[in-house]
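Look at the model first, then read on.

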Amino acid sequence: MDVSKADSIKPAQTMSERTDRDSDEKAPQANEAGPWIDPVIEQRVKRKIDYVLVPLVTGLYLLAFLDRSNIGNAQTAGMGKDLGFDDAHYQWFALMWKAFLTLFVAVWACTCVLVWGLASTFQAAAFNWSGLMASRFFLATAEAGFGPGIPYLLSFFYKRHELGFRCGIFLSAAPLATTFAGALAYGITSGHPAHIANWRLLFIVEGVPSVLLAIAAYVFMPDSPDTARFLNEEEKQVAKARAIQQTGTEGTERVGHINFKEILMSFKDFKTWMPPLMYFSCNVSFSSLPVFLPAILQSMGFTAINAQGLSAPPYFLSFLICIGSTWIADKTRQRGYMIIGLSLIAGIGYIILAVCESVGVRYFGVFLAAAGVFPAISNILPWTVNNQGSDSKRGAGITLLNIIGQCGPLLGTRVFPEHDKPMYVTGMSICAAFMFFNAMLALVLRSYLAWENKRFDKSDEAARQAGNIDPKSGSTGIENDGYGFRNFL
């Protein structure tokens, strides 16, 4: 057996024997009892999850982002002219997806993927504004059930100090999709099919893969690691032990369990409300940039084709920073400082776009904006999950984050009207202001979390002096509220 109780196999590790990977877990006590895990098998389990689950959810999110944002490329390819609608109608398409993301946060997995794939594909059959709006409605409803739940799902598979990097990989699919979306759209729309408009072909080519991947999602996406089909029995036992270390219960017992008392407690906690405001601020900028960047680049004097191509490099940089920044934040346990720095970079980029007229300088501003906005969001989502002390609280936190945060695009998609060309001063200024506001919110939240950690230190010291410490508290339920729990700064 590779997984067992420490008192039946070997004594538990002392504090000095713990490795760096356990540095954010509860402080163990002498002679504690708890699950012992073979580190070699544990690494193998994590590697298998990394190779199967993370690429799967990342690929699905990439397709979702292509399906949701290809409306901008279709507009550039002549959709508006063919269907006879103006700029106000186009902005409603961008708004539709965001509006419904605030309403649906539970419907999930393969059904969502299948519905949004079909809806995206059926956009090609639209012959008027109403028909396209109907397709966007179903696309929005389905995608709303998928994206918000992934960071929460990943928290069932990874420990606190492992989570951010995986969320970063998942969320980096957004800028990655935008990196080649322009080139893909150009490749699809540059020809002249005899019987179908270019923009209709774009919707078909980018919608069908989502339908096919819905099958893969059904087969390979598990509810928890100990039910994963790609793990053997020995690895499932290790996965169960990891779950016990995290919350004191096995993975299957965590699924579907809701503690309404803990949910109400989380709603009373200051740190539950700050990330949603931060997410709102970032989403004002995040939602508008992919949709309107081709138009912004065209306003700088580039042709439609060149505008599609020039939108790729800033997003590729953002893709790299999403992954790198979350990895660094996991290693340093300093996610707040990372968000502050990224928000300031994005704010400076939007100021450059608002006040500078030089094409080269403005294009540099696009790099700064993209390099700050997307990675900031990639760190906000795992920060929310990191600092909630139970599964119910984590679920409540991520739900509130999306309900409030996804209202930001309702503003962001309306601040770049056609008549503001070529500078879009109002939209750029609003995005810059919200990114600086986000930096301030991150500083306030980090200061509060540091203060709360000091309060936890005093409480734990009092418990030690009184002898009121569970001997198992250092080895099970390490991510739950209680003795030894510390916020992730």
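## A lysine and its partner

Which side chain meets Lys 46 in a salt bridge? The partner is Glu 162, at 3.2 Å from N to O. This is a predicted model.

Lys 46 sits in helix α2, while Glu 162 belongs to helix α8 (residues 160-171), so the pair ties together parts that are 116 residues apart in sequence. Lys 46 is buried, with a relative accessible area of 11%. Glu 162 is buried too, at 5% relative accessibility.

How accessible is Asp 50? Its relative accessibility is 21%, and the cut-off for buried is under 20%, so Asp 50 counts as partly exposed. Arg 166 has 13% relative accessibility and therefore counts as buried.

Some salt bridges share partners. Through them, Glu 42, Lys 46, Lys 159, Glu 162 and Arg 242 join into one network. Lys 46 and Glu 162, the pair bridged at 3.2 Å, are both members of this network.

How many salt bridges does a search of the whole structure find? The total is 12. One of the salt bridges joins the side chains of Arg 44 and Glu 235, at 2.7 Å from N to O. Arg 44 is in helix α2 (residues 39-76) and Glu 235 is in helix α11 (residues 233-247), so the bridge ties together parts that are 191 residues apart in sequence.

Glu 235 has 1% and counts as buried.

## A buried serine

Now turn to another helix. Ser 343 is found in helix α17, which spans residues 335-355. At 0% relative accessibility, Ser 343 counts as buried.

Which residues does Ser 343 touch, leaving out those up to four places away in sequence? They are Ala 376, Met 435, Asn 438 and Ala 439.

## In brief

Helix α2 supplies Lys 46 for a bridge to helix α8. Ser 343, in helix α17, is buried.

Key. Residues numbered from 1 in each chain as written. Predicted model: local features only at pLDDT ≥ 70, side-chain atom pairs only at ≥ 80, totals over all residues. Heavy atoms only, no water. Salt bridge = Lys/Arg side-chain N within 4 Å of Asp/Glu carboxyl O. Helix = DSSP H or I, 4+ residues; strand = E, 2+ residues; numbered from the N terminus. Buried < 20%, exposed > 50% of the residue type's maximum accessible area, 1.4 Å probe, protein only. Contact = heavy atoms within 4.5 Å.
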